[in-house]
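Here is a short report for a reader new to this structure.

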Amino acid sequence: RDLLLAAVVLLAANLVLAGLGAWWWGMVGASLGTLLANLIAWVFVLGRLADAFGSDVQHSFAWMPWALCVATSAAAVAIATVAARLTTSSPISALTVEMLVFVPLVLVGHRWTRQFVPPPPAEAAAQVLAVQGALR
């Protein structure tokens with residue numbers, strides 16, 4: 001039931017936000033509307049997960065690993081884009097340079113950021129097992 005409700009929230013938010021975004025700003029507006037619709041649905045699902053786990057949204061998602069992954073990926077994109085602009089002007093060679101810089105940076109960066117993420121507490125593992133048992 002909650003999964004269906006989350007899908008309806010995502011669909012409705014996409015229809016409204018991506019539709020209005022496309023109407024006002026074209027393809028960029030549709031993309032931004034879709035992004036906002038997914039954020040709304042994501043917050044909705046996190047709220048449902050928090051209710052299921054009996055906690056708040058802050059503790060229902062691994063925010064620190066997520067933020068580190070996003071920051072690492074954003075830094076890799078910035079570095080790869082600058083490297084491509086400085087080395088070549090051809091679109092194909094620029095894409096090649098970007099991928100040759102981006103992929104290793106992300107792989108090394110994500111491996112490096114693991115040291116800053118604490119292991120999950122034992123009660124979190126017990127909660128996951130309890131929810132999995134309830135789903136069977």
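How many nonpolar, polar and charged residues does the lining of the second largest pocket have? The lining has nine nonpolar residues, three charged ones and no polar ones. Keep in mind that this is a predicted model.

**The pocket**

The second largest pocket holds about 270 Å³ of space. Its lining is made up of 12 residues. Nearest the centre of the pocket lie Asp-2, Val-45, Arg-48, Leu-49 and Ala-52. Two helices, H1 (2-53) and H4 (122-135), each give at least two residues to this lining. H1 supplies the largest share, with 10 residues.

**Helix H3**

Helix H3 covers residues 91-113, which is 23 residues. From first C-alpha to last, H3 reaches 32 Å. That is close to the 33 Å expected at 1.5 Å a residue. Which residues of H3 are buried? They are Ala-94, Val-106, Gly-109 and Thr-113. Helix H2 (63-87) is part of what covers the buried residues of H3.

In an α-helix, residues three or four places apart point the same way, because there are 3.6 residues a turn.

**Two residues to look at**

Thr-113 is found in helix H3. Phe-116 sits in the loop between H3 and H4. The table sets out their accessibility.

| Residue | Relative accessibility | Class |
|---|---|---|
| Thr-113 | 5% | buried |
| Phe-116 | 40% | partly exposed |

Why does Thr-113 count as buried? Its relative accessibility is 5%, and buried means under 20%. Phe-116 has a relative accessible area of 40%, so Phe-116 is partly exposed. That class runs between the buried limit of 20% and the exposed limit of 50%.

Now turn to the contacts. The side chain of Thr-113 reaches the backbone oxygen of His-110 at 3.0 Å. Beyond its neighbours within four places in sequence, Thr-113 is in contact with Leu-68 and Thr-72. What does Phe-116 touch, not counting residues up to four places away in sequence? Phe-116 touches Met-64 and Leu-68.

Along the chain, Phe-116 and Leu-17 are 99 residues apart. Their C-alpha atoms are separated by 36 Å.

How values were computed: Residues numbered from 1 in each chain as written. Predicted model: local features only at pLDDT ≥ 70, side-chain atom pairs only at ≥ 80, totals over all residues. Heavy atoms only, no water. 1 Å grid on protein atoms, 1.4 Å probe; cavity = no way out; pocket = protein on both sides within 12 Å on 5 of 7 lines; lining within 4 Å. Points joined across faces, edges and corners; volume = space filled by probe spheres on them. Helix = DSSP H or I, 4+ residues; strand = E, 2+ residues; numbered from the N terminus. Nonpolar A, V, L, I, M, F, W, Y, C, P; charged D, E, K, R; others polar. Expected span 1.5 Å × (residues − 1). Buried < 20%, exposed > 50% of the residue type's maximum accessible area, 1.4 Å probe, protein only. Contact = heavy atoms within 4.5 Å. Polar contact = N/O pair within 3.5 Å; in protein donor to acceptor, adjacent residues only side chain to side chain.
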